[in-house]
Amino acid sequence: MTALDAQPVAIADDAVPAEARGRRKRPRHVKGTRPGWFVYACLGVVLLASVFPFYWSLLIGSGDSYTIRDPNMSWIPGGNFFSNAAKVMNDPAVNFWVALWNSIISSGLIALSVVFFSTLAGWAFAKLKFRGSSWLLVFVIATMAVPTQLGVVPLYILFSDLGWTGQLGAIIVPALVSAFGVFWMTQYLRQAVPDELIEAARVDGATSFRTFLTVGLPAARPAAAMLALFTFVSAWNNFFWPFIVLDRQNPTLPVALSLLQSNYFVDYSIVLAGVLLATIPLLILFVFAGRQLVSGIMQGAVKG
């Protein structure tokens with residue numbers, strides 16, 4: 001066999017019959033790629049189970065103090081929600097507007113700080129080679145096994161000596177960075193950023209921090225969006241530590257709403273109306289950030 005015989009022979013499209021070309025170009029459908037009715041049924045059940053607590057809170061929060069004890073309670077929301085919400089917002093013992101502002105400020109600052117410092121530490125563990133990095137990362141991950149409650153007493157003594165009790169700094173400073181955030185960003189940046197891109201930035205004369213700003217942060221946007229959203233929700237719903245270190249004049253929303261149950265008689269229509277008021281900002285956040293969040297995840301999943 002000669003060298004010319006071993007070369008592949010190109011066949012022109014005109015030499016192929018039209019029927020064969022149609023069969024060759026016809027897309028092939030893989031069986032099982034589209035979800036069936038069982039998947040949609042399971043998703044529907046999960047959706048109903050997720051929405052039902054909000055609807056139940058709306059039913060009780062739009063009624064009166066006897067609605068929750070009524071065996072013949074209507075499954076149609078009543079007309080008292082706005083009046084109950086007004087009682088929550090105008091209650092001087094709750095300080096609703098102060099608590100709302102404190103929750104927005106503290107949750108926003110904690111989310112931004114956790115994203116920045118976790119991304120910075122994750123970049124160091126993932127792309128910078130230094131002695132003991134593996135053991136240090138293991139130590140950071142191991143701290144997640146320590147219950148938060150074990151550090152409450154020494155932490156309270158520390159902030160009491162600093163004179164920070166009753167101030168927002170007492171709940172912001174301990175949450176500036178999280179071990180989970182460091183682990184999350186480390187695992188993502190290891191896969192998302194090729195080493196060749198870092199070498200190219202160093203050849204262009206960029207410093208390590210400049211490389212992090214121009215290469216690391218843009219590449220970490222999908223994971224950072226997820227981390228920011230989860231951190232904001234976690235800080236917004238945090239009750240244990242703010243309840244200990246803050247006072248009634250400067251609370252966050254979970255602490256303020258707990259005061260609605262401090263009386264001898266608990267009006268659950270008022271309590272659940274307040275719970276819905278505290279949930280509305282989170283729903284607005286998911287509505288506005290959901291599309292960008294999904295878009296960032298898809299951009300991070302597609303590698304070009």
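In this predicted model, helix α6 (residues 133–142) packs against helix α9 at an angle of about 135°, and their axes lie 8 Å apart. The crossing in which α6 passes α9 is left-handed. On the α6 side, the contact is formed by Leu137, Val140 and Ile141, and on the α9 side by Ala179, Val182, Phe183, Thr186 and Arg190. Sorted by class, the residues of this contact comprise 6 nonpolar, 1 polar and 1 charged.

Helix α9 (residues 179–192) also packs against helix α12 (residues 221–237), here at an angle of about 160° with the axes 10 Å apart. Because angles over 145 degrees count as roughly antiparallel, α9 and α12 are placed in that class. The crossing of α9 past α12 is right-handed. Phe180, Gly181, Trp184, Met185 and Tyr188 of α9 meet Pro222, Ala223, Ala224, Met226 and Leu227 of α12. This contact has 9 nonpolar residues, 1 polar residue and no charged residues.

A further pair is formed by α5 and α11, whose axes come within 11 Å and cross at roughly 110°. Since angles from 65 to 115 degrees count as roughly perpendicular, this description applies to α5 and α11. From α5, the contact involves Phe116, Thr119, Leu120 and Trp123; from α11, it involves Ser208, Phe209, Thr211, Phe212, Val215, Gly216 and Leu217. The contact of α5 with α11 contains 7 nonpolar, 4 polar and no charged residues.

| Helix pair | Angle | Axis separation | Orientation |
|---|---|---|---|
| α9 and α12 | about 160° | 10 Å | roughly antiparallel |
| α5 and α11 | roughly 110° | within 11 Å | roughly perpendicular |

Attention now turns to the spaces in the structure. The largest pocket has a volume of about 1100 Å³. It is lined by 36 residues, of which Thr148, Pro174, Ala175, Val177 and Ser178 are the closest to its centre. Several helices contribute to the lining of the largest pocket: α5 (96–127), α7 (152–162), α9, α12 and α13 (240–245) each supply at least two residues. The lining of this pocket consists of 26 nonpolar and 10 polar residues, with no charged residues.

The space within the largest cavity amounts to about 30 Å³. Its lining is made up of Trp123, Leu128, Ile198, Arg202, Ser208 and Thr211. The elements that provide two or more of these lining residues are α10 (195–203) and α11 (208–219). By class, the lining of the largest cavity has 3 nonpolar, 2 polar and 1 charged residue.

Notes. Residues are numbered from 1 along each chain as its sequence is written. This is a predicted model: local features need pLDDT of at least 70, side-chain atom pairs count only at pLDDT 80 or more; totals for chains, interfaces and linings use all residues. Side-chain values use heavy atoms; hydrogens and water are left out. Axes are lines fitted to C-alpha atoms, for helices over the stretch in contact, and angles run from 0 to 180 degrees between N-to-C directions. Helices (H or I, at least four residues) and strands (E, at least two) are DSSP runs, numbered from the N terminus. Angles under 35 degrees count as roughly parallel, over 145 as roughly antiparallel, 65 to 115 as roughly perpendicular and the rest as oblique. A crossing is left-handed if the near helix is turned anticlockwise from the far one by less than a right angle, and right-handed if clockwise. Contact means heavy atoms within 4.5 Å. Ala, Val, Leu, Ile, Met, Phe, Trp, Tyr, Cys and Pro count as nonpolar, Asp, Glu, Lys and Arg as charged, and the others, Gly among them, as polar. On a 1 Å grid over the protein atoms alone, a cavity is a set of points where a 1.4 Å probe fits but cannot get out, and a pocket is an open set with protein on both sides within 12 Å along at least five of seven lines; lining residues have an atom within 4 Å of a point. Grid points are joined across faces, edges and corners, and a volume is the space filled by probe spheres set on the points.
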